[in-house]
Amino acid sequence: DFAIVTLLVNRLDDASAGPLIDALERATGRTTRAAVLRFLRDGGPGMREAAADRLPDAPWFLQRNLLQLFTDPADWPGGFSPAAYAKSPDGRVRREAIKVMLQSRAHRNEGLELGLRDSDARVRGMTLSSAVEECPPLLIPLLHAVARDEKAEMDHRVLAIRALVSTGASGAVGSFTGIAFP
């Protein structure tokens, strides 16, 4: 009963974080997960502190869900970093961690590099889309590698070229013509 849970969360505030995270871990349906995540997201800073404390020992599915709470770097608890989760053996956890890193000025470049090197196509595609918006010069060689990789998905190659063009990097035209006119 979400109405009762809402009343309890409003009264208990950060003290409800532990039970909410437990409920998130046990949730089997999307509706329940979405509601619990909303309670955790809308709560005070103690909610994210509890989530950060739980992350290291959580199973992959809970890590993936808890990482969704860290969308605003200004709300991160002191000492929190998503970097360790961007190297998880599970691609779904890596994708959420890199998504969080891309939203943080302090972690963006590392997130871009990890995402461009990632073996998961969904992680790489998300990262390339972000690189089109802004990409530091030190990652230009990685973009060139993706653009020229004949085994890479064509949409990834196109995104890599778009990112190269957005950086103003020399060689972007060469990468494009190498794909368009092999």
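A crossing of two helices is right-handed if the near helix is turned clockwise from the far one by less than a right angle. I needed that term for the first pair below. The model I am reading is predicted.

**Entry 1: H2 and H5**

I looked up how helix H2, residues 17-26, sits against H5. The two pack at an angle of about 125°, and their axes are 9 Å apart. I noted the crossing of H2 and H5 as right-handed. On the H2 side I listed Ile21, Leu24 and Glu25, and on the H5 side Phe61, Leu62, Asn65 and Leu66. By class, I have five nonpolar residues, one polar and one charged in this contact of H2 with H5.

**Entry 2: the largest pocket**

Next I asked which residues line the largest pocket. I wrote down Arg30, Arg33, Ala34, Leu37, Arg64, Asn65, Gln68, Arg92, Arg95, Glu96 and Arg122. Asn65 in this lining was already in my list for the contact of H2 with H5. The space in the largest pocket comes to about 190 Å³.

Which helix gives the largest share of the lining? I found that H3 does, with four residues. Helix H3 (30-42), helix H5 (60-67) and helix H6 (91-102) each supply at least two. I sorted the lining of the largest pocket into seven charged, two polar and two nonpolar residues.

**Entry 3: H7 and H8**

The crossing in which H7 passes H8 is left-handed. From H7, I recorded Arg108, Gly111, Leu112, Gly115 and Leu116 in the contact; from H8, I recorded Val123, Arg124, Thr127, Leu128, Ser130 and Ala131. My tally for the contact of H7 with H8 is five nonpolar, four polar and two charged residues.

**Entry 4: H9 and H10**

The last pair I checked was helix H9, residues 140-148, with helix H10, residues 154-167. At what angle do their axes cross? I have roughly 145°, with the axes coming within 8 Å. H9 passes H10 in a left-handed crossing. The H9 residues I noted are Ile140, Leu143, His144, Val146, Ala147 and Arg148. They meet His156, Arg157, Ala160, Ile161, Ala163, Leu164 and Thr167 in H10. I counted the contact of H9 with H10 as eight nonpolar, three polar and two charged residues.

Methods: Residues are numbered from 1 along each chain as its sequence is written. This is a predicted model: local features need pLDDT of at least 70, side-chain atom pairs count only at pLDDT 80 or more; totals for chains, interfaces and linings use all residues. Side-chain values use heavy atoms; hydrogens and water are left out. Contact means heavy atoms within 4.5 Å. Ala, Val, Leu, Ile, Met, Phe, Trp, Tyr, Cys and Pro count as nonpolar, Asp, Glu, Lys and Arg as charged, and the others, Gly among them, as polar. On a 1 Å grid over the protein atoms alone, a cavity is a set of points where a 1.4 Å probe fits but cannot get out, and a pocket is an open set with protein on both sides within 12 Å along at least five of seven lines; lining residues have an atom within 4 Å of a point. Grid points are joined across faces, edges and corners, and a volume is the space filled by probe spheres set on the points. Axes are lines fitted to C-alpha atoms, for helices over the stretch in contact, and angles run from 0 to 180 degrees between N-to-C directions.
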